[in-house]
Amino acid sequence: MILKVLKTKVGRLRIMGFLEGVSLIILVFIAVPMKYWLEDESLTKMMGPVHGALFLLFVLNTISAGIEQKWKAKTTGIILASCFIPFGTFYVDYKFLKNIDKE
């Protein structure tokens, strides 16, 4: 199953979206509270760049998949906008990407 997903750009985009969303959850609900409540910045310093890199990979993969799939600008825009909305990548995966990947 996972190898099948990795073979398509949409599949890789779905994985990037999932990882980007999980990194945001870790950053917001674990790393930031640790920084302010426990005065321990170590996880924030580690997860900040990781989340940033996953964010950029999601953007690049969205553009690449949009070109390959010949998505309308509106579809590509909605998917791109999802990474600016907290946890939006999970919603876009559920509403759009899982159906595209089955085709």
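A: Let us begin with directions: angles between axes under 35 degrees count as roughly parallel, over 145 as roughly antiparallel, 65 to 115 as roughly perpendicular and the rest as oblique. The axes themselves are lines fitted to C-alpha atoms, for helices over the stretch in contact, and the angles run from 0 to 180 degrees between N-to-C directions. This is a predicted model, in which local features need pLDDT of at least 70, side-chain atom pairs count only at pLDDT 80 or more, and totals for chains, interfaces and linings use all residues. Residues are numbered from 1 along each chain as its sequence is written, and side-chain values use heavy atoms, with hydrogens and water left out.

Q: How many helices and strands are there in the protein chain?

A: Helices (H or I, at least four residues) and strands (E, at least two) are DSSP runs, numbered from the N terminus. The protein chain has 5 helices and 0 strands, and its pattern along the sequence reads α-α-α-α-α. Its C-alpha atoms fill a box of roughly 50 × 30 × 20 Å, taken along the principal axes.

Q: What share of the residues of the protein chain counts as buried?

A: Buried means under 20% relative accessible area, exposed over 50%, and partly exposed in between (1.4 Å probe, protein chains only). Of the 103 residues of the protein chain, 33% count as buried. A second total concerns contacts, meaning heavy atoms within 4.5 Å. Among contacts in the protein chain with a separation of 6 or more, 61% are between residues 24 or more positions apart.

Q: What span does helix α3 reach from its first C-alpha to its last?

A: The expected span of a helix is 1.5 Å times one less than its number of residues. Helix α3 covers residues 42–69, 28 residues in number, and reaches 40 Å, close to the 40 Å expected.

Q: Which residues of α3 are buried?

A: An α-helix has 3.6 residues a turn, so residues three or four places apart point the same way. In α3 the buried residues are L43, T44, M47, H51, L54, F58, V59, T62, A65 and G66. L60 also has its place in helix α3, but this residue counts as exposed because its relative accessibility is 58%.

Q: At what angle do α2 and α3 pack?

A: Two packed helices are described by the angle between their axes and the distance between the axes. Helix α2 (residues 9–37) packs against α3 at about 160°, with the axes 8 Å apart. The two helices are therefore roughly antiparallel to each other. A crossing is left-handed if the near helix is turned anticlockwise from the far one by less than a right angle, and right-handed if clockwise. The crossing of α2 and α3 is left-handed. For residue classes, Ala, Val, Leu, Ile, Met, Phe, Trp, Tyr, Cys and Pro count as nonpolar, Asp, Glu, Lys and Arg as charged, and the others, Gly among them, as polar. The contact of α2 with α3 has 18 nonpolar, 9 polar and 4 charged residues.

Q: What does F55 touch, not counting residues up to four places away in sequence?

A: F55, which lies in helix α3, touches E20, C83 and F84 on that count. The C-alpha atoms of F55 and L19 are separated by 9.1 Å, although the two residues are 36 apart along the chain.

Q: Which residues of α3 and α4 meet?

A: The axes of α3 and α4 are 10 Å apart, and the packing angle is about 165°. That makes α3 roughly antiparallel to α4. The crossing of α3 past α4 is right-handed. F58, V59, T62 and G66 in α3 meet T76, I79, L80 and S82 in α4. By class, this contact has 4 nonpolar, 4 polar and no charged residues.

Q: Is T76 buried or exposed?

A: T76 lies in helix α4, residues 73–82. T76 counts as buried because its relative accessibility is 14%. Leaving out residues up to four places away in sequence, T76 touches T62, G66 and W71.

Q: Where is E39 found, and what is its phi?

A: Most residues other than glycine have a negative phi, and most peptide bonds are trans. E39 is found in the loop between α2 and α3, and its phi is positive, about 55°, although E39 is not a glycine. E39 is exposed, with a relative accessible area of 73%.

Q: Which residue with a positive phi follows α3?

A: That residue is K70, with phi near 60°. K70 is found in the loop between α3 and α4 and is exposed, with a relative accessible area of 72%.
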